[in-house]
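Colleague: I have the sequence and the model open and would like to go through them with you. Can we start with how the pieces pack?

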Amino acid sequence: LLICGKRRCLHIGSGGTRRTVILSFFLLFGVWFFLSFGWYGLLLWLPELQKQKGIPDADVYVNNVIVALGNLPGNLVSAWLVEAIGRKWTLAWSMVLGCVSVFAFFLAESTWGVVIAATVFNAVSVGGWNVLDVYSAEPFPTTIRSTAMGTLSAGGRIGAIVATTLAGALMETHVSVV
C-alpha cells in the first residue's frame, strides 16, 4: 500500500502486514462509527425519550444527572479490566454490554428501569471509548498513526451526526422505533 503526502510517499509493508493494517482500519472504523452512533443517538436524546415514556419533566433532569454519574464507575472499571483481561476483550465486552443495555432501555417500563439501563449503557460506553482511544493507535505504523486516528475519529463523528439526525426524525414517529 502506497500512501503519498505532499513531500513523500509511505510504503506500508507487504503481504500480511498490509492486510492486517487495512483490516484493522476497517474494523476500527466500524467500532468508532457504531459506538458514536449508539452513544450520541441515545444519550443526547435521552431527555426527550424519557418524556415520551411518560417520565415527569422534574424527574428527567435528575435522571440525567444519575446517568451521567455512570461515567465514573465506567472509567474505573474499564481501566481495571484493561489490565485484567486485555484491551480487545474489554472493548468487546463493552460493546456487547452496551447492546444489551440499549435493549433493556427500550424494554424498560418503569422510571428506574429506564435510568438503570441508561446508566449502564453510559458506563460501558465510556469504558469502550477509553479502550478504543488506546487500542486504535496500536495497529498502525508510527508514520501513519495520526492520519489513521484522525480518519477513525472522523468516522465516529459521521456516526454521531447520522445518529442524532436519524433519532430526531424517528422521535416524531414513535419512541419504540428509536
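Colleague: Which residues in helix 4 meet which ones in helix 5?

Modeller: From helix 4 they are Ser78, Leu81, Val82 and Ile85, and in helix 5 they meet Arg87, Trp89, Thr90 and Trp93. Contact here means heavy atoms within 4.5 Å. Helices (H or I, at least four residues) and strands (E, at least two) are DSSP runs, numbered from the N terminus.

Colleague: Before we go on, what sort of model is this?

Modeller: This is a predicted model: local features need pLDDT of at least 70, side-chain atom pairs count only at pLDDT 80 or more, and totals for chains, interfaces and linings use all residues. Residues are numbered from 1 along each chain as its sequence is written, and side-chain values use heavy atoms, with hydrogens and water left out.

Colleague: Fine. Back to that contact: at what angle do helix 4 and helix 5 pack?

Modeller: The angle is about 130°, and the axes of helix 4 and helix 5 are 7 Å apart. That makes helix 4 oblique to helix 5. Angles under 35 degrees count as roughly parallel, over 145 as roughly antiparallel, 65 to 115 as roughly perpendicular and the rest as oblique. Axes are lines fitted to C-alpha atoms, for helices over the stretch in contact, and the angles run from 0 to 180 degrees between N-to-C directions.

Colleague: How does the contact of helix 4 with helix 5 divide by class?

Modeller: It has 5 nonpolar, 2 polar and 1 charged residues. Ala, Val, Leu, Ile, Met, Phe, Trp, Tyr, Cys and Pro count as nonpolar, Asp, Glu, Lys and Arg as charged, and the others, Gly among them, as polar.

Colleague: And helix 3 with helix 4, at what angle do they pack?

Modeller: Helix 3 (residues 57-69) and helix 4 (residues 71-85) pack at about 10°, with their axes 4 Å apart. So helix 3 is roughly parallel to helix 4. Val67, Ala68 and Leu69 of helix 3 make the contact with Asn71, Leu72 and Pro73 of helix 4. In that contact of helix 3 with helix 4 there are 5 nonpolar residues, 1 polar and no charged.

Colleague: Zooming out, how many helices and strands are there in the chain?

Modeller: The chain has 7 helices and 2 strands. Along the sequence the pattern reads β-β-α-α-α-α-α-α-α.

Colleague: How much of the chain counts as buried?

Modeller: Of its 178 residues, 35% count as buried. Buried means under 20% relative accessible area, exposed over 50%, and partly exposed in between (1.4 Å probe, protein chains only). As for contacts between residues at least 6 apart in sequence, 72% join residues at least 24 apart.

Colleague: New topic. How many aromatic pairs does the count come to?

Modeller: The count comes to 8 aromatic pairs. Rings of Phe, Tyr and Trp (its six-membered ring) pair if their centres lie within 6.5 Å; planes under 30 degrees apart count as stacked, over 60 as edge-to-face and the rest as tilted. One of the pairs is Phe25 with Phe29, which is tilted, at 5.9 Å centre to centre and 40° between the planes.

Colleague: Where do Phe25 and Phe29 sit relative to each other in helix 1?

Modeller: They are 4 residues apart in helix 1 (residues 16-43), so about one helical turn separates Phe25 and Phe29. Phe25 is buried at 18% relative accessibility, and Phe29 is partly exposed at 27%. Another pair, Phe33 and Phe34, is edge-to-face, with 5.0 Å centre to centre and 80° between the planes. Phe33 is buried at 19%, whereas Phe34 is exposed at 56%.

Colleague: Which residues do ring pairs link into a cluster?

Modeller: Phe25, Phe26, Phe29 and Phe140. Ala148 of helix 7 (residues 145-171) touches Phe25 and Phe140, leaving out residues up to four places away in sequence. Ala148 and Phe25 are 123 residues apart along the chain, with their C-alpha atoms separated by 7.5 Å.

Colleague: Is Ala148 buried or exposed?

Modeller: Ala148 is buried, at 7% relative accessibility.

Colleague: Last one, Ser94. What is its side chain doing?

Modeller: A polar atom of the Ser94 side chain lies 2.8 Å from the backbone oxygen of Thr90. Ser94 lies in helix 5 (residues 87-107) and is buried at 9%. Beyond its neighbours within four places in sequence, Ser94 is in contact with Val124, Gly127 and Gly128.

Technical notes:
A polar contact is a pair of N or O atoms within 3.5 Å; within protein, one must be able to donate a hydrogen and the other to accept it, and residues adjacent in sequence count only if both atoms are side-chain atoms.
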